[in-house]
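Subject: Structure handover

Hello,

Here is the structure for you to look at. My notes on it follow below.

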Amino acid sequence: MKLRKFLAFTLMATTALNFIACDDDDDDDNSETEQINTFLQSKTKVQELSFKTDDEQYEISAYANNNFHVGYNEIFFVAQNTNGEYIKDFSISNIAPLMHMVKMDMYHSTPTSGTAENFDNQPEALKRAWVSFIMASSKEVGSWYISYDATVLGKTSKLEKAEFETISAIDGQRWVQSFKVDNKTYFASLVNPSAWEEGINTINAYVSVQSDPRTNPYLLASEKFTIEIDPRMPDMGNHTSPDNKELTPNDNGLYSGTINLTMTGLWRIHFTVKNAEGKIVAGGDDQNDGLSSLYWDVTL
């Protein structure tokens, strides 16, 4: 009998550790709760991508920086119990965006992280994923859907084909570009250039590969590339800037380099892709103006 009580107590204690409590005596947990609340105050809850688990004991909430648009978008996830407490022991996986093209009655996916991860020293109960949409949705073109798995305290529930809207990129923005190497199609997604300022900035991108079949998520490419950049201002005689550094991949698949934006306005970031041996495999094709046909557009 004593052993049974001990095991029951141990189970209760272990379960309690998986929550961020709201007890006034627990300063660390309160601090994490406040940190999450403060972070989410600047975000927009995406009702279409939020749902209750199968047992209705937990709510999975999805948040975005703003409306989903063509190019790179971040999605933030939290799980809460019926008391509103955040849960540390949860995961988001198998993120599967899907576009239904109505006229052709066909489907395709788009680049995505596939899972949500912890980030930027935020609490464990807050996770981030990303999706880079390659086209906007509309009644004439088609609709976007997302499915994903949410596992809370070991139990998995699934959000199945939630429909939502994706708008066109803002004028002067082009954050995703495709290129081909041999028989594969890749997508280079520029990460959050809206946060850039005049002067030296870190430039980040992800390189994803189109899946086979195309209805499966386009996950990060296993091939390693180098992305050389040549930023120009087309409205200002195509002048460039100094001190730009190529993008190279790190261990988590993020490509990083340096870009120098010497003034505000439209910047067309021409880029050339080289393989691991340093051979040009995309872009760098010397058009009439001598610039690459591969580029991102960013308005500062």
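R232 is partly exposed, at 22% relative accessibility. Buried here means under 20% relative accessible area, exposed means over 50%, and partly exposed is in between, using a 1.4 Å probe and protein chains only. R232 forms a salt bridge with D230, and their closest N and O atoms are 3.0 Å apart. D230 is partly exposed too, with a relative accessible area of 23%.

Two notes on the basis. This is a predicted model, in which local features need pLDDT of at least 70 and side-chain atom pairs count only at pLDDT 80 or more, while totals for chains, interfaces and linings use all residues. Residues are numbered from 1 along each chain as its sequence is written, and side-chain values use heavy atoms, with hydrogens and water left out.

Now the salt bridges. The rule asks for a side-chain nitrogen of Lys or Arg within 4 Å of a carboxyl oxygen of Asp or Glu. By this rule there are nine salt bridges. As background, side chains of opposite charge can pair when their charged atoms come close.

One of the pairs is K88 with E32, where the closest N and O atoms are 3.8 Å apart. K88 lies in the loop between β6 (86–87) and β7, and E32 lies in helix α2 (residues 27–41), so this pair ties together parts that are 56 residues apart in sequence. Helices (H or I, at least four residues) and strands (E, at least two) are DSSP runs, numbered from the N terminus. E32 is partly exposed, with a relative accessible area of 24%.

Another pair is E74 with R128, with the closest N and O atoms 3.4 Å apart. This pair links distant parts of the chain: E74 is in strand β5 (residues 71–81) and R128 is in strand β9 (residues 127–133), 54 residues apart. E74 is buried, at 9% relative accessible area. R128 counts as partly exposed, at 25%. D120 joins E74 and R128 in a network of salt bridges.

Last, F90. F90 sits in strand β7 (residues 90–101). The residue is buried, with a relative accessible area of 4%. Leaving out residues up to four places away in sequence, F90 touches F77, V78, A79, E124, A125, K127, T151 and V152. Contact means heavy atoms within 4.5 Å. F90 and E124 are 34 residues apart in sequence, and their C-alpha atoms are 8.9 Å apart in space.

Best wishes
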